[in-house]
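This briefing summarises two ligand sites and one further position for computational work. Please consult the sequence and coordinates alongside the points below.

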Amino acid sequence: MYAWPASEVPALPGSGRDLRIHDTSTDGRVTLEPGPVARIYVCGITPYDATHMGHAATYNAFDLVQRVWLDTKRQVQYVQNVTDVDDPLLERARRDGEDWVGLAERETALFREDMTALRMLPPQHYIGAVEAIPGIVPLVERLRDAGAAYELDGDVYFSVAADPHFGEVSRLDTEAMRLLSAERGGDPDRPGKKNPLDPILWLAARPGEPSWDGGTLGPGRPGWHIECVAIALDHLGMGFDVQGGGSDLAFPHHEMGASHAQALTGEHPFARAYVHAGMVGLGGEKMSKSKGNLVFVSTLRREGVDPAAIRLALLAHHYRSDWEWTDAVLQEAVERLARWRAAVSRPDGPPSDAVVEEIREALADDLDAPAALVAVDRWAALQQSAGGTDEGAPGVVSRAVDALLGVAL
Ligand code: 5CA
Ligand code: ZN
């Protein structure tokens with residue numbers, strides 16, 4: 001699939017710091033030391049509804065990862081998927097009497113528009129589940145032939161017992177895993193499974209549902225976790241730097257993905273760090289397509305809200321915290337944007353070196369965007385109260401805010 005156009009990333013004086021980031025699997029901070037090409041896989045949308053603030057907040061976090069790496073003069077190999085065939089998408093299409101392909105295409109197109117408007121840098125590889133199927137089938141066959149997968153009434157399940165490291169990503173106990181599995185697309189109560197947690201790798205064709213040639217697996221469609229594994233292994237290989245998504249993906253999705261890959265390759269780890277963004281809520285509940293309590297990026301844009309203000313509203317919250325979207329959050333961002341724009345609209349101002357370093361330091365410290373905003377606030381306040389004589393300083397601050405935070409002033 002094609003992704004979306006990249007906004008320009010202005011060059012900055014000096015160089016950024018290496019990123020220290022919270023890793024779910026160790027529940028601590030790790031200093032990432034990527035090679036000259038940093039590798040990141042971020043789970044993409046299931047395109048059955050528009051991009052809401054929760055999605056936007058999660059993609060904002062991983063856009064910051066990319067910007068920090070670019071500032072260290074590395075290249076970034078960024079891969080993202082689109083789950084363009086899965087149960088929730090098929091269910092929504094059925095409910096609305098719509099063709100599932102048309103629904104997925106329309107919502108993916110809207111996502112691209114939203115990401116472009118928010119200045120999120122595009123992945124180098126943007127891959128749909130459907131286009132990944134020819135690569136998924138041989139992986140499932142290999143797992144089955146190695147005894148890491150088994151058949152149940154034509155469906156194929158992964159055996160979590162096949163990975164000695166199973167459980168190390170989310171570090172949950174069996175009971176918690178079982179509850180989350182039932183909540184998040186698993187089927188722990190299906191009779192005949194070796195372990196209730198075993199996730200599906202290949203669903204045999206069902207009447208009224210799309211299916212594809214599965215070679216020796218028979219016609220069917222892929223399970224959710226193997227989709228991301230196939231795409232990540234194809235474009236990044238084992239041991240890539242960051243696997244990213246919202247905290248609701250830690251289990252089962254990222255746990256199972258890591259186990260699939262580790263069982264397939266005999267190598268460990270799948271990713272060096274598993275990074276999870278907090279959940280954005282509305283009215284006291286997690287914003288979710290299934291609950292319908294949503295604020296869409298596209299709706300705000302249509303209402304005339306500046307995408308830069310939406311982005312500032314996301315940046316005002318630390319990526320790991322759970323937070324609530326409110327009108328006040330947006331209003332504050334609109335006001336901050338106006339203050340910053342006024343401050344950079346003059347040819348000279350207070351020195352820019354310290355503020356650029358403060359933004360760099362804040363982001364390198366587990367993506368502390370709120371601290372970066374405070375640094376720019378201080379500079380803008382100084383500009384307003386005392387001004388300054390450094391010629392070009394406002395231009396440098398403006399470029400830094402664009403390059404490191406994705407906000408065009
Ligand atoms: N297609 C799969 C991943 S392979 C999927 O989870 N799609 S999704 O559309 O449901 O979510 C896309 C991303 O947004 C995921 O990383 C998910 O964790 C994140 N996300 C969903 N809801 C929220 C929310 N309320 N707050 C923050 N992030 C969210
Ligand atoms: Zn995924």
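In this predicted model, a polar side-chain atom of Asp248 lies 2.5 Å from an oxygen atom of ligand 1. The protein buries 94% of the 610 Å² that ligand 1 exposes when taken alone. A zinc ion, ligand 2, is held by residues that include two cysteines, Cys43 and Cys228.

**Contacts of ligand 1**

- The shell around ligand 1 comprises 24 residues, and the closest are Gly44, Thr58, Thr83, Asp248 and Lys289.
- Gly44 makes its contact through the backbone, where an N or O atom lies 2.8 Å from a nitrogen atom of the ligand.
- Thr58 contributes through its side chain, an N or O atom of which is 2.8 Å from a nitrogen atom of ligand 1.

**Composition of the shell around ligand 1**

- By residue class, the shell contains nine nonpolar, 12 polar and three charged residues.
- Two or more shell residues come from each of the elements α1 (53-71), α6 and β10 (240-246).
- Helix α1 supplies the largest share, with four residues.

**Zinc site (ligand 2)**

- The zinc ion is coordinated by the SG atoms of Cys43 and Cys228 and by NE2 of His253, at 2.1 to 2.3 Å.
- The arrangement around the zinc ion is tetrahedral because its four donor atoms subtend angles of 103 to 121°, and all of these fall between the limits of 85 and 135 degrees.
- For comparison, the ideal angle for four tetrahedral donors is 109.5 degrees.
- The donor residues follow the sequence spacing C-x184-C-x24-H.
- Distant parts of the chain are linked by the pair Cys228, in helix α6 (residues 224-235), and His253, in helix α7 (residues 250-265), which are 25 residues apart.
- Cys228 has a relative accessible area of 5% and therefore counts as buried, the cut-off being under 20%.
- His253 is likewise classed as buried, because its relative accessibility is 2%.

**Gly266**

- Gly266 is located in the loop between α7 and β11 (271-277).
- With a relative accessibility of 68%, Gly266 counts as exposed, since the threshold is over 50%.
- The C-alpha atoms of Gly266 and Asp163 are 8.7 Å apart in space, although the two residues are separated by 103 residues in sequence.

Note on methods:
Residues are numbered from 1 along each chain as its sequence is written. Chains are lettered from A and ligands numbered from 1 in the order in which they are written. This is a predicted model: local features need pLDDT of at least 70, side-chain atom pairs count only at pLDDT 80 or more; totals for chains, interfaces and linings use all residues. Side-chain values use heavy atoms; hydrogens and water are left out. Donors are N, O and S atoms within 2.8 Å of the metal (3.2 Å for Na, K and Ca); water is not among the atoms, so sites may look incomplete. Four donors count as tetrahedral if all angles lie between 85 and 135 degrees; four count as square planar and six as octahedral if opposite donors are over 155 degrees apart and all others between 65 and 115; anything else is irregular. Buried means under 20% relative accessible area, exposed over 50%, partly exposed in between (1.4 Å probe, protein chains only). A residue is near a molecule or strand if one of its heavy atoms lies within 4 Å of it. A polar contact is a pair of N or O atoms within 3.5 Å; within protein, one must be able to donate a hydrogen and the other to accept it, and residues adjacent in sequence count only if both atoms are side-chain atoms. Accessible areas come from the Shrake-Rupley method with a 1.4 Å probe; for residues, only the protein chains shown count as cover. Ala, Val, Leu, Ile, Met, Phe, Trp, Tyr, Cys and Pro count as nonpolar, Asp, Glu, Lys and Arg as charged, and the others, Gly among them, as polar.
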